[in-house]
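Colleague: I am new to this structure and would like to go through it step by step. Please show it first, and I will ask as we go.

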Amino acid sequence: MPLTPNKARKKMIKPSLLSGEEAFEYLLANRLGVDKRTLDELKAELEALEAERDSLIEKETLNEAQQQRLEVINERIDALAIDARFS
């Protein structure tokens, strides 16, 4: 059952309680009609992939499986970055 405008407003986060960057993201997501939870999930996945990528890059040599994983991670990061910009 869809939320009525009044119920939706009650569930919304108050931008005044957020940091500047969080408030901007909230307002932008709200303006674009993007679900903030989905945006947060995308950001969390992106951060996890970036951390895994960084740990692989720090290694002096990579075996074939690690090299393939690095390529997959980079492709996924690129896709998430594009999704985040257009969400």
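Colleague: How many salt bridges does a search of the whole structure find?

Modeller: This is a predicted model, so local features need pLDDT of at least 70 and side-chain atom pairs count only at pLDDT 80 or more, while totals for chains, interfaces and linings use all residues. Residues are numbered from 1 along each chain as its sequence is written, and side-chain values use heavy atoms, with hydrogens and water left out. A salt bridge is a side-chain nitrogen of Lys or Arg within 4 Å of a carboxyl oxygen of Asp or Glu. Searched over the whole structure, the number of salt bridges is three.

Colleague: Which residue forms a salt bridge with Arg76, and where do the two partners lie?

Modeller: The closest N and O atoms of this pair are 3.0 Å apart. The pair links distant parts of the chain, 31 residues apart, with Arg76 in helix α4 (residues 64–86) and its partner in helix α3 (residues 36–58). Helices here are DSSP runs of H or I with at least four residues, strands are runs of E with at least two, and both are numbered from the N terminus. The partner of Arg76 is Glu45.

Colleague: Is Glu45 buried, exposed or partly exposed?

Modeller: Buried means under 20% relative accessible area, exposed means over 50%, and partly exposed is in between, with a 1.4 Å probe and protein chains only. Arg76 has 33% relative accessibility and so counts as partly exposed. Glu45 has 31% relative accessibility, so Glu45 counts as partly exposed.

Colleague: Which residue forms a salt bridge with Arg69?

Modeller: The closest N and O atoms are 2.9 Å apart in the salt bridge of Arg69 with Glu52. Arg69 lies in helix α4 and Glu52 in helix α3, so the pair ties together parts that are 17 residues apart in sequence. Arg69 is partly exposed because its relative accessibility is 36%. The partner of Arg69 is Glu52.

Colleague: How far apart are the closest N and O atoms of Arg53 and Asp54?

Modeller: Arg53 is partly exposed, with a relative accessible area of 21%. Asp54 also counts as partly exposed, at 37% relative accessibility. The two form a salt bridge, and their closest N and O atoms are apart by 3.6 Å.

Colleague: Which residues does Leu46 touch, not counting residues up to four places away in sequence?

Modeller: Contact means heavy atoms within 4.5 Å. Leu46 belongs to the largest nonpolar core. With residues up to four places away in sequence not counted, Leu46 touches Ile77 and Leu80.

Colleague: Which residues make the nonpolar surface patch of about 310 Å²?

Modeller: Patches are made of residues with over 30% relative accessible area and no salt bridge; like charges are joined within 9 Å, and nonpolar side chains (Val, Leu, Ile, Met, Phe, Trp, Tyr) within 5 Å. Accessible areas come from the Shrake-Rupley method with a 1.4 Å probe, and for residues only the protein chains shown count as cover. Leu28, in helix α2 (residues 20–32), is partly exposed because its relative accessible area is 40%. The patch is made by Phe24, Leu28 and Leu32.

Terms used:
Core = buried A, V, L, I, M, F, W, Y, C linked by side-chain atoms within 4.5 Å.
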